[in-house]
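Reader: I would like to learn how to read strands and their pairing in a model. Please take me through an example.

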Amino acid sequence: MKRFCGVLLCQVFICLSVISSCFAGEGSYAAWSVAEEAEINIFYSVLHDNQWSNPAQLTMGGSNVTPAITVDSDGTVWMVWVDFIDENRFLKYAKIQGNDIVQGRVLDAPTERSYSPSIIVDRSHTPWIAWSSYTGTKEDILFSRWNGTSWDAPKQVNPENKLPDITPTIGLGLDGRPWISWLSFNGDRYETSVAYWSNNRWDSTKSTTVKNNIQQKTMGRKAKLPQLPVQAKNRLMGSFFIPGSEEIQSISDRPLPLTTLEGK
């Protein structure tokens, strides 16, 4: 139970992010989750002429948390989140094209305990997602890509170990290659790990400089996030997509500095 609570707190509050200098511009999107009696539902809105649109409700029923959002070059909105159902934590997604909304589960396993999803669309217009999954003994980082009709079978990102790997953030490097950053427990404390997509696999790096550069980029720009719509005042958590932010496309509004976790 303690491990579950710790992972839940991490997934609620941590999402590394980078935003462009034209923050809160035309075409920004916001997604958030709100508790409504026995349910937690997800809403989203788009910013036009400095005004948020009337929020649209995406989910109906369940306990839907940790939404991550991005928008591709065709204007298609992609979202992933986790729905708590009994003992399961199902990873779900939505593809929104105007009034046409497709929703479903990312995985088809009968049981699932997924946490902390992150999402990008690459330069080939392909969505990628990364998340943490509890396998029964520990948490691992998984990823999948959209193949045009569904999500590919998930594969593990972190090297095999017997300790937790949690709270991934997926992004694009300047060369367009995806990378994933996450927290890996070393038996004493959590440390930042990074893996880059190369030759159809993930290559982990131990470079302190690379990790520090990612943290410096993200921590210095959190204050630039726009305010969410007034309807999101009582949200549990929210995220933004801001045009021009290619490296990290889903930006959490409630960050917790990595140094806070890594120092414990």
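Reader: Which residue takes a positive phi in the hairpin of strand 1 and strand 2?

Author: This is a predicted model. In that hairpin Glu37 has a positive phi near 55°, and two residues lie between the strands.

Reader: How do strands of a sheet pair in general?

Author: Backbone hydrogen bonds join them, in a parallel or an antiparallel sense. Here strand 1 and strand 2 (residues 39-48) are antiparallel, with eight bridges. Within that pair, Ser33 is opposite Ile42 of strand 2.

Reader: Which residue of strand 17 does Tyr29 stand opposite?

Author: Tyr29 faces Phe241 there. Strand 17 (residues 235-241) runs antiparallel to strand 1, and six bridges join the two.

Reader: Is strand 1 largely enclosed or largely open, and why?

Author: A residue counts as buried when its relative accessible area is under 20%. Strand 1 covers residues 29-36, and six of its eight residues are buried, so the rest of the structure largely encloses it.

Reader: What is the order of the strands in the open sheet of four strands?

Author: The order is 9-10-11-12, and the pairing is antiparallel. Strand 9 (114-121) and strand 12 (155-156) are at the edges; each has a single partner strand, so one side of each lacks a neighbour in the sheet.

Reader: How many bridges pair strand 11 with strand 12?

Author: Two bridges, in the antiparallel sense, link strand 11 (residues 139-145) to strand 12. To locate this pairing in the view, find Phe143, which is opposite Lys155 in strand 12.

Methods
Residues numbered from 1 in each chain as written. Predicted model: local features only at pLDDT ≥ 70, side-chain atom pairs only at ≥ 80, totals over all residues. Heavy atoms only, no water. Buried < 20%, exposed > 50% of the residue type's maximum accessible area, 1.4 Å probe, protein only. Pairing = 2+ DSSP bridges.
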